[in-house]
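This briefing covers a ligand, its surroundings and the spaces inside a protein model. Please look at the sequence and structure before reading on.

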Amino acid sequence: MAALRDLQVDEAATVKPGSSTRSVHGGTLRQKAYGSLTTPIVQTATYTFENTQALIDFMESKTWGDGSEREEYGRYGNPTIAAVERKLAALDNGEDAVLYASGMNAVTSLLLSVLPAGAHIVMTNDCYRRTRQFCQTFLQRFGIETTVVPVGDYDALEAAIIRKKTRFIISESPTNPYLRIADLERIADLGKRYRVRTLIDSTFATPINQRPLEWGIDFVVHSATKYLSGHNDLLAGVIVGRADRIKALRDSRGVLGGMPDPQNAFLLERGIKTLGIRVRQQNQTAVAVANFLESHPRIERVWYPGLESHPDYAVAAAQMDDFGGVISFEVAGDLRTTSKFIDALQIPYIAPSLGGVESLIEQPALMSYYEKSTEERLALGIRDNLVRFAVGVEDTEDILNDLDQALAVI
Ligand SMILES: *Cc1c(COP(=O)(O)O)cnc(C)c1O
């Protein structure tokens, strides 16, 4: 069973599968129900028992004879969802994974499940806006305080930890939109020294480019809506970590109710099979785009962790296998000049999100921060001329040519 997964986690193994082999086969049972090659979609809300004795046997053991769990009710478990969870655990080199209805549902369910009243969170800035909003508004109502520190300032991070009160350090890596890279080993070390759990949102990296658990981080979260599903057609989220902790989260998912749909789980697993080749293509295009933009006279500044000019290049080079498919940059010009450039592009769609096969572009000042004034945006570090470009899997040359012609328009 799951031979490739075993090979992958065994350091002594002679065969070390590459990222595409792991994407296709990682965590996958070789023999599935009905002899089906693909994972069957078990589209059911509940499960039946042949008779009362079968029910009693289930209550006594909770497992089938073949070791796979049978289920009782759709909110507690589903074989299609369990299959994608095994795959996600294998890819991030974790013991287990739990799937949720969205990335935000994963983050909120984790924090609601583990934080006691009166707890304290330390979080790095330049992070997903809704995660921060959840901590600073929702959790605050339950007496849970959040301190936000600048990403990359480890003295501030350590100083913000309150003994016996701080329960979580939360960071993204890479961050949004400046692609800052958190030093995972340092964060894991602080967590261990102060007995604080650590959570890394690794959505922008994918398990192909970065595996935070290997650096000692406790929990990894991904918005599976992005690269993992890869086709901009579903929402899902996942948390990966130690088996006992993930089991507790799976139990609490049965209470909080953030169960994903089996159809979506199937589509997600289908998407993940091409994760390796998609992300490799996106890495390759992104570095070409970053280099092209950095040498272009109409571009003021490029933020890409694979460029030596990026403040976290050294950390990124040490802890990531590659640098990802998102590039942020500042156009030489104001809000309107930047919009003109974006409107002149022919390949990328104007849309939030990232990680799918289609290139997506956005001007954060007009997308995520529209209701704020230029001054308020500047206070949050968002300049009017900032652009976030998430490359898809289109041909690198075509994307470069498209950027070139659009920059010639301004
Ligand atoms: C999109 C995103 C989320 C939220 O995920 P959803 O699937 O949209 O709920 C969280 N973190 C990061 C870094 C994201 O990009």
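This is a predicted model, in which local features need pLDDT of at least 70 and side-chain atom pairs count only at pLDDT 80 or more, while totals for chains, interfaces and linings use all residues. Residues are numbered from 1 along each chain as its sequence is written, and side-chain values use heavy atoms, with hydrogens and water left out.

**Around the ligand**

- Oxygen atoms of the ligand lie 2.8 Å from a backbone N or O atom of Gly103, 2.8 Å from a polar backbone atom of Met104 and 2.6 Å from a polar side-chain atom of Thr225.
- Of the 380 Å² of accessible area that the ligand has on its own, the protein covers 92% (Shrake-Rupley method, 1.4 Å probe).

**The pocket that holds the ligand**

- The ligand sits in the second largest pocket, meaning that more than half of its atoms lie within 2 Å of the pocket's grid points.
- A pocket is an open set of points on a 1 Å grid over the protein atoms alone, with protein on both sides within 12 Å along at least five of seven lines, and its lining residues have an atom within 4 Å of a point.
- This second largest pocket has a volume of about 600 Å³, the space filled by probe spheres set on the points.
- Among its 31 lining residues, Tyr128, Arg129, Asn176, Lys226 and Arg388 are the closest to its centre.
- Helix 5 (103-114), helix 6 (129-141) and strand 6 (219-223) each give two or more residues to this lining; helices (H or I, at least four residues) and strands (E, at least two) are DSSP runs, numbered from the N terminus.
- The lining has 15 nonpolar, nine polar and seven charged residues.

**The cavity**

- There is one cavity of 30 Å³ or more, a cavity being a set of grid points where a 1.4 Å probe fits but cannot get out.
- The largest cavity has a volume of about 60 Å³.
- Its lining includes Val107, Cys127, Glu172 and Asp201.
- Strand 4 gives the most to this lining, with three residues.
- By class, the cavity lining has six nonpolar, three polar and two charged residues.

How values were computed: A polar contact is a pair of N or O atoms within 3.5 Å; within protein, one must be able to donate a hydrogen and the other to accept it, and residues adjacent in sequence count only if both atoms are side-chain atoms. Ala, Val, Leu, Ile, Met, Phe, Trp, Tyr, Cys and Pro count as nonpolar, Asp, Glu, Lys and Arg as charged, and the others, Gly among them, as polar.
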